[in-house]
Amino acid sequence: MSHPHPELGAPPKLPKGGLRVTPLGGLGEIGRNMTVFEYGGRLLIVDCGVLFPEEEQPGVDLILPDFTTLVDRIDDVEGIVLTHGHEDHIGGVPYLLRLKPDIPLIGSKLTLALIEAKLQEHRIRPYTLEVAEGQREHVGPFDCEFIAVNHSIPDALAVAIRTPAGTVVHTGDFKMDQLPMDGRLTDLHAFARLSEEGIDLLLSDSTNAEVPGFVPAERDISNVLRGVFANAGKRIIVASFASHIHRVQQILDAAHEYGRKVAFVGRSMVRNMGIARDLGYLKVPGGLVVDVKTLDDLPDDKVVLICTGSQGEPMAALSRMANRDHQIRIVQGDTVILASSLIPGNENAVYRVINGLSRWGANVVHKGNAKVHVSGHASAGELLYFYNICRPKNLMPVHGEWRHLRANAELGALTGIPKDRIVIAEDGVVVDLVDGKARISGKVQAGYVYVDGLSVGDVTEASLKDRRILGEEGIISVFVVVDSTTGKVVGGPNIHSRGSGIEDGAFDAVIPKIEEAIQKSAADGVAEPHQLQQLIRRTIGKWVSDTYRRRPMILPVVVEV
């Protein structure tokens, strides 16, 4: 297996007749999926998603792929293929289209409907090309064939990209549920046909490569949900991804069976389920769904709420309910169902929400104590089966953390793919398919781009470090007035603290030290304000460290008069 190295430099010019594959996100992480294919000077993008921030990224709303390598080549982009409608595959599209709003978006009916609704909020009217499984479209020099795959959202597609350099298959997210809710199977016949033609490079979903066996059927959840509904004496509140239409369908079916009314809570949930219902992907019995404002008129045992927040997102409906910061108040006897998996990194946030809900008397049903979720990604048994069907000449695991990528590579090797034909890359690592062999050829910039409110890319790692210090250690401000002629202190030092746990009165002990340091500096002929600020920072920083073993942010201000 070939491995990337930190010392990789910029890739050389792509050899004539070669195909270049550049992942800008989704490798070494769960989210931010984006891959750029290049042939003959033209580019095709597959997916453009977002990553959701973790605790060490305070104040960040979203994390985007880095578009730096595309800025000067945006006119070379033929189109953006969207494999399905999850945020980690479409959430970055509005930001990419800011570079060029008329890049064609190519995807299935539901996927395009979801991204169009999102783009409307950004005041972007996209150019779209709707495709379905079995369809082939020429997108510049890329001959794209779309293949049905089963996932946790309807209308997911894999894409086979044919070029003179060879055929590349990108699975997108997929599993092989043999009894899917919508009857839409992963099209193994199509993959077998492509295998007979020859798959030169396979980019395969790695998320569940460490999990043995096969993913249980989605419909297995239905009986568990019925059991929860049968035993619930008061309201039922279900938290799910706003795009998990199959899961919501099962909740609607159970609610209808047990004579309950359903209300959607949360802007994205209301929007997405409205789209799914209008397009026929969500079957809603008449009179079942009501406005949340009418729930007060119904007895508690006739109510179901479906909301967002299954990952513990602080601003989502469920988190706010747990914190008593929502119009819907959790009461003793309510049943809360977290009908989703735990995305790596979100565990602490989710358990905080579970504890908050339990505190108010809710019975919380989650993946840890009931079978209320099955994954949307193929487990090891399915991947082995899949590789034996596809028989790719080269394999590149995608979509997963490092442990997932390595486990997927090992599965590929077990099925007979030569180890020197398995490429484990990471974001920004460039892979060239030349003369039928995939090799790492270099690396391009592919860092995190942070979205904070309306700001895109302005938040840096340095500013996040400052935010972490402020959140963990607090801030100390020092205000000093000095005589511009003599350098002597004529006002202050005035010292104030916020969040450091040090009372303002405690700083009386360090004021003489600051005055002495400034006086000595003036005697040495050093009285420039910036130098004095650094001197004050060092002096008070050492005192705080020695006295309290803390390292707060210190903000000195020196004014000359």
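Guide: One cut-off is needed at the outset: two residues are in contact when they have heavy atoms within 4.5 Å of each other. Please bear in mind that the model is predicted.

Visitor: Against which elements do the buried residues of H7 pack?

Guide: They pack against helices H4 (109–121), H6 (221–231) and H8 (267–278), and against strands S13 (236–239), S14 (261–265) and S15 (303–307).

Visitor: Why is H7 described as largely enclosed by the rest of the structure?

Guide: A residue is buried when its relative accessible area is under 20%. Of the 13 residues of H7, 10 are buried, and the helix is therefore largely enclosed by the rest of the structure. Among these buried residues are Ile-245, His-246, Arg-247, Val-248 and Gln-249, as well as Leu-252, Ala-254 and Ala-255.

Visitor: How do you know that the length of H7 is close to the expected one?

Guide: The expected span is 1.5 Å times one less than the number of residues. H7, residues 245–257, has 13 residues, for which 18 Å is expected, and its first and last C-alpha atoms are 18 Å apart. Just after H7, Gly-259 adopts a positive phi of about 70°.

Visitor: What makes Thr-111 a buried residue?

Guide: The limit is under 20%, and Thr-111 has a relative accessible area of 0%, so it is buried. Thr-111 belongs to helix H4, one of the elements against which the buried residues of H7 pack. Apart from neighbours within four places in sequence, Thr-111 contacts Leu-82, Thr-83, His-84, Gly-85, Ile-90 and Asp-155.

Visitor: Why is His-404 also called buried?

Guide: His-404 has a relative accessible area of 5%, which falls under the 20% limit, so it counts as buried. This residue is found in helix H12, residues 402–414. Leaving out residues up to four places away in sequence, His-404 touches Ile-30, Ser-206, Thr-207, Ala-209 and Glu-210.

Visitor: What makes Glu-197 and Arg-193 a salt bridge?

Guide: Their closest N and O atoms are 3.7 Å apart, which is within the 4 Å limit. Both residues lie in helix H5 (residues 188–197), 4 residues apart, or about one turn of the helix. Glu-197, at 46%, is partly exposed, and Arg-193, at 32%, is likewise partly exposed. By this rule the count comes to 28 salt bridges.

Visitor: Why can Leu-555 belong to a nonpolar surface patch?

Guide: Patch residues need over 30% relative accessible area and no salt bridge, with nonpolar side chains joined within 5 Å. Leu-555 has a relative accessible area of 44%, so it passes the area requirement, although it is called partly exposed. The patch consists of Phe-479, Val-490, Leu-555, Val-557, Val-559 and Val-561, with about 480 Å² of accessible area together. Strand S25 (residues 553–560), which includes Leu-555, gives the most to the patch, with 3 residues.

Visitor: Which elements have the lowest and the highest mean pLDDT?

Guide: Strand S22 (residues 455–456) has the lowest, 66, and strand S10 (residues 157–163) the highest, 98. Where pLDDT is low, the predicted coordinates should not be read in detail. The chain averages 87, and 92% of the residues score at least 70.

Visitor: How many helices and strands does the protein chain have?

Guide: There are 15 helices and 25 strands. Of the 561 residues, 54% are buried.

Technical notes
Residues are numbered from 1 along each chain as its sequence is written. This is a predicted model: local features need pLDDT of at least 70, side-chain atom pairs count only at pLDDT 80 or more; totals for chains, interfaces and linings use all residues. Side-chain values use heavy atoms; hydrogens and water are left out. Helices (H or I, at least four residues) and strands (E, at least two) are DSSP runs, numbered from the N terminus. Buried means under 20% relative accessible area, exposed over 50%, partly exposed in between (1.4 Å probe, protein chains only). Patches are made of residues with over 30% relative accessible area and no salt bridge: like charges are joined within 9 Å, nonpolar side chains (Val, Leu, Ile, Met, Phe, Trp, Tyr) within 5 Å. Accessible areas come from the Shrake-Rupley method with a 1.4 Å probe; for residues, only the protein chains shown count as cover. A salt bridge is a side-chain nitrogen of Lys or Arg within 4 Å of a carboxyl oxygen of Asp or Glu. pLDDT is the predictor's confidence in each residue, from 0 to 100.
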